[in-house]
Amino acid sequence: MNLNQEFKINIVDIGAKFGIHPSFRKSFDFSEFLLIDADAEEIEYLRSLYQKRNNVNFLSCFVDSQNGVTEYNLYQHPGGNSAFLPDPKSHYWTDLRPGTSNIVETRNLQTRSFDDIANERNLAIDYLKIDVEGKEVEVLQGGKSQLDKNILGVRC
């Protein structure tokens, strides 16, 4: 069996900051990726990074439990961008990322539910990776019909 032509794993990455996670590298050649991130500039960077790969698609969108609007905080450390404000007493900000909890900018972003995105794009998802700085439960709540389908794995 030629895996490159006959078998594809459909991976959706919600919160794709910094690109495709290293744990997916072994499956890169026989996977289709949809990288979703709320930061439009990050999506443009990822487009340029993977421009020669026809198995990587992109969407700039804030995924939440429902369609609406949310405030999105851009932190001094870009990996911390979140709808939430930092807890200055949290181990995360005091020990793991000290001095990087300053909010540089706040934007109002349109939100979309994962179900709406998947239905609009007619996605057949095998694996779902979510890393959205505290909004993971809301993403899952907005993707209930997708989770009832044939998803093999979810990583939060």
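1. I9 stands opposite S31 in strand β2. Strands β1 and β2 run parallel and are joined by six bridges. Strands here are DSSP runs of E with at least two residues, helices are runs of H or I with at least four residues, and both are numbered from the N terminus. Two strands count as paired if DSSP finds at least two bridges between them.

2. A word on the basis. The model is predicted, so local features need pLDDT of at least 70 and side-chain atom pairs count only at pLDDT 80 or more, while totals for chains, interfaces and linings use all residues. Residues are numbered from 1 along each chain as its sequence is written, and side-chain values use heavy atoms, with hydrogens and water left out.

3. β1 covers residues 9-14 and is joined to β7 by four bridges, again in parallel. In β7, Y127 is the residue opposite I11. Both pairings belong to an open sheet of five strands, ordered β3-β2-β1-β7-β8 with parallel pairing. Its edge strands are β3 (56-60) and β8 (153-155), each of which pairs on one side only. From one strand to the next, the twist averages 15°.

4. Two helices lie across this sheet. Helix α4 lies across β1, β2, β3 and β7, at about 135° to β3. The axes behind these angles are lines fitted to C-alpha atoms, for helices over the stretch in contact; angles run from 0 to 180 degrees between N-to-C directions.

5. E42 sits in α2, which spans residues 40-49. Is E42 buried or exposed? E42 is buried, because its relative accessible area is 10%. The cut-offs: buried is under 20% relative accessible area, exposed is over 50%, and partly exposed lies in between, with a 1.4 Å probe and protein chains only. Beyond neighbours within four places in sequence, E42 is in contact with A16, K17, F18, G19 and D37. Contact means heavy atoms within 4.5 Å.

6. A second open sheet has three strands in the order β4-β6-β5, with mixed pairing. The edge strands are β4 (62-64) and β5 (68-75); each pairs on one side only. Neighbouring strands of this sheet are turned by 45° against each other on average, direction ignored. β4 and β6 (residues 103-113) pair in the parallel sense over three bridges. The bridge partner of F62 in β6 is T111.

7. Helix α4 (residues 114-121) packs on this three-stranded sheet too, touching β4 and β6, with its direction at about 60° to that of β6. F114, D115, I117 and A118 of α4 are buried. They lie on the same side of α4, because they cover an arc of only 165° around the axis. That arc is taken over the directions from the helix axis to the C-beta atoms. Just after α4, N122 takes a positive phi of about 55°.

8. T70 lies in β5. T70 counts as buried because its relative accessible area is 15%. Not counting residues up to four places away in sequence, T70 touches F62, A83, R107, N108, L109 and T111. Two of these, F62 and T111, are the bridge partners named above.

9. P78 is in the loop between β5 and α3 (91-96). Its relative accessibility is 37%, so P78 counts as partly exposed. Which residues does P78 contact, leaving aside its neighbours within four places in sequence? They are K17 and F18.

10. The largest pocket has a volume of about 470 Å³. It is lined by 29 residues, and the closest to its centre are G15, K17, D131, V132 and E133. The elements giving two or more residues to the lining are β2 (31-37), β4 and β7 (127-130). The search uses a 1 Å grid over the protein atoms alone; a pocket is an open set of points where a 1.4 Å probe fits, with protein on both sides within 12 Å along at least five of seven lines, and lining residues have an atom within 4 Å of a point. Grid points are joined across faces, edges and corners, and the volume is the space filled by probe spheres set on the points.
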